[in-house]
Each structure stands twice: as C-alpha cells, then as structure tokens.
Amino acid sequence: MSLEATNSSLVEFFIEHESQPNMDPFIVLKSKACSLCINPFVKDSTEGISTLGRMTSYVTSHLGSQFRTHVFFVLIVHNYARIIRWGRGGAVVTAPIRFNEERHLFDFFIRYNYAKSDIRGSDSSIRAPKTEELHAATRLIDEFRDSGADKGKAKKFLVVSVPRRGYNNESDHYVIEAPFATISPPTGRATRTFIAYDIRRNMRVFVRDSWRINIIGVPKEGDSYAKLRAHNVPSIAFCSNSGDIGDDTYHTTQTHCFVDADWAPSPKPAAEFTPHRRYRIVLDTIGTPLERFKCSRDMVRAIRASLIGEFFGSWNAYALPLWITSLL
C-alpha cells in the first residue's frame, strides 16, 4: 500500500496483510514469567521492525489527517490476525486470532459496523461548517481563500468546539482548515495549530489542539494564562477560551489502564505510560510568521517581548528591566 495514493482523511481503519509469519512484529509469550527483557513484546528483527514501521506510518497518517480520539488497525499475518487499538497514549494489541478457527475477527467487523462514531474513535466535537459560517470565515480570513498554489485542490474546512469558560453546557465554535498528515509520532501531545474564525465573535483567532498531560500537579495551559493575566504580566498572548474536550471515556488515553492487566506482558523495568487528555486553547493574539519579518529588528523585538513575559512571571519584577536592558 502507498500512502501517496491513499486519502487518509477518508479512512475508517487500515488493514495490513503479511504473507510470512516472520513479518509479525510481535512476540507471543506463554506467560508473564517469560517477560525478562526490556521489551518482551516486540521482535528485534529486520522483518518485524519493517512491518511495525509501515503500520506506524499508516496510523500516523490516519490520526494526522483526521480528528480522532483513537483508531483501530487490523494486521493479518499468514493464517492469523491481530486487532490493534492505537491512541495518543500507546497501542493495545490482541493475541493472534486464528480466523479459520475462531470468530473473533468476524465479530470485530460486525461490532465495528454497528458501533457509534465515538466508539470507533471519531471526535464528537467536530462538525462540518454551515454555508453561512464558511462564507463569513472566508470573507474575513485571508488564509482561507484559495490561492494560485491551491488551484485544483479545494480547501476543506471543519468546525471545532471549545467549552465556553464560565458557562455551563455551552461551547464556542471555530472554523478551521481540515488538518493534514505530518511526520510526527502517533503518540504524545500531538499538538496542532490553526488560524481560525470565531463564529460567535466574528473575528480571527488562533486555536491549538493537543493532548495535555493528565497528571495531578501539571497545570492546564489556559489556567496559567489566566494567572499571568491576573498579575498583569506583560507580553503575554490573550487567552480568550480553553478547556478539556469531550468526556473522560473517549477523550482520555486508555493504554495506561491495561499495563497491569493479567494478560499483558510485564517488561523489566515496568513500562510507564503517561495519561493524556484532549485539550484546546484559543488565543486572540496571533503571532507573525518569521518569513514575514521585515528586518532583524523585528526579531530582536520579538525575543525581548518573550523574555519580558517569561521572567516577569517567575523573577523579581524590580530586577528584570535592568537585566533585559543589559541584554539588548
């Protein structure tokens, strides 16, 4: 399969077929007592690593070109199959399914066909824009209009929602260009940024979609912006909205929940998976791309402003201005 000929934005899930058993990247363990190496589940072989690399590239393209909480993947090797659930926190892989003898693979296809979209991994906070919303967005935002370089490739747009701070059960909505696959790992924070159209306020804003680290003691970025603004810290972008997206069932990574399962191999030392939570932040302040700077002075001014914002938030405000002056 070639990703160049595949529109990953339309894919439900990928199926990879390998004819030889040695192409399976995973090891079958008889018991957890066999787990004595650092990674007892993945083969250290050229063939296995090659298959795993292809699978990862497909999933990267799939997650990168869509808004998904997770995706499924079916790997068929000779006369058995594995079902894999990929999320931003890692992957959960089944034991081999002998599909000529067992019906589990067939059951998966049937259940997937009838499953609700959030179970499949679709992001419930995404929808298509209404005609009037799209017209208003393209009138206001230059980046949304087709250019000569985009001729023959019509731009696609989506609407993302962010819970409105201070209002229960209300959300604000933003028109963005549909994402495209990039060369980035399928796990982790998966940060994506967009120039966006704020439908309610009829203005141009900056939206960042990511999976924040979901650990007690790690603050949410929007809360940090609010504290900085409350203390009148200068040179800080204005954050107009932010919040967790969706519910804890599908918009929170799940891989870490299965590390201690009876059927899971136990690497030595024990594997650690960082939980993540879907999160979006909206900034009314939009930076200027570096290629649009007119001179080196613009760069120096930008660095100076960022230093002031950084150190006013953490250092003694009286000593800071002298330190900045000596730098420049």
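**Entry 1: a pair of facing residues.** I started with R127, which stands opposite V159 in β6. Strand β5 (residues 126-127) and β6 are joined by 2 bridges and run antiparallel. For my own reference, strands are DSSP runs of E with at least two residues and helices are DSSP runs of H or I with at least four residues, both numbered from the N terminus. Two strands pair if DSSP finds at least two bridges between them.

**Entry 2: what I am looking at.** This is a predicted model, where local features need pLDDT of at least 70, side-chain atom pairs count only at pLDDT 80 or more, and totals for chains, interfaces and linings use all residues. Residues are numbered from 1 along each chain as its sequence is written, and side-chain values use heavy atoms, with hydrogens and water left out.

**Entry 3: the other neighbour of β6.** I found 7 bridges between β6 and strand β7 (residues 171-177), again antiparallel. L158 has I176 in β7 opposite to it. I then asked how buried β6 is: 5 of the 7 residues of this strand (residues 157-163) are buried, so β6 is largely enclosed by the rest of the structure. Buried means under 20% relative accessible area, exposed means over 50%, and partly exposed is in between (1.4 Å probe, protein chains only).

**Entry 4: the four-stranded sheet.** Next I traced an open sheet of 4 strands, in the order β1-β2-β3-β4, with mixed pairing. Its edge strands are β1 (14-18) and β4 (90-93), each of which pairs on one side only. From one strand to the next the twist averages 20°. β1 and strand β2 (residues 70-77) are parallel, with 5 bridges between them, and F14 has F73 as its bridge partner in β2.

**Entry 5: helices on that sheet.** Helix α1 (residues 46-64) lies across β1, β2 and β3 (80-87), at about 150° to β2. Helix α2 also packs on the sheet, touching β1, β2 and β3, and its direction makes about 150° with that of β2. Contact here means heavy atoms within 4.5 Å; axes are lines fitted to C-alpha atoms, for helices over the stretch in contact, and angles run from 0 to 180 degrees between N-to-C directions.

Entry 6: Which residues make the nonpolar surface patch of about 370 Å²? I noted F106, I110 and Y114. I110 sits in α2 (residues 104-114) and is partly exposed, with a relative accessible area of 39%. Patch members have over 30% relative accessible area and no salt bridge, and nonpolar side chains (Val, Leu, Ile, Met, Phe, Trp, Tyr) are joined within 5 Å, like charges within 9 Å. A salt bridge is a side-chain nitrogen of Lys or Arg within 4 Å of a carboxyl oxygen of Asp or Glu.

Entry 7: N232 has a phi near 55°, and S235 has one near 60°. N232 is in the loop between α5 (221-230) and β10 (239-244), and S235 lies in the loop between α5 and β10. N232 is exposed at 68% relative accessible area, while S235 is partly exposed at 42%.

Methods
Accessible areas come from the Shrake-Rupley method with a 1.4 Å probe; for residues, only the protein chains shown count as cover.
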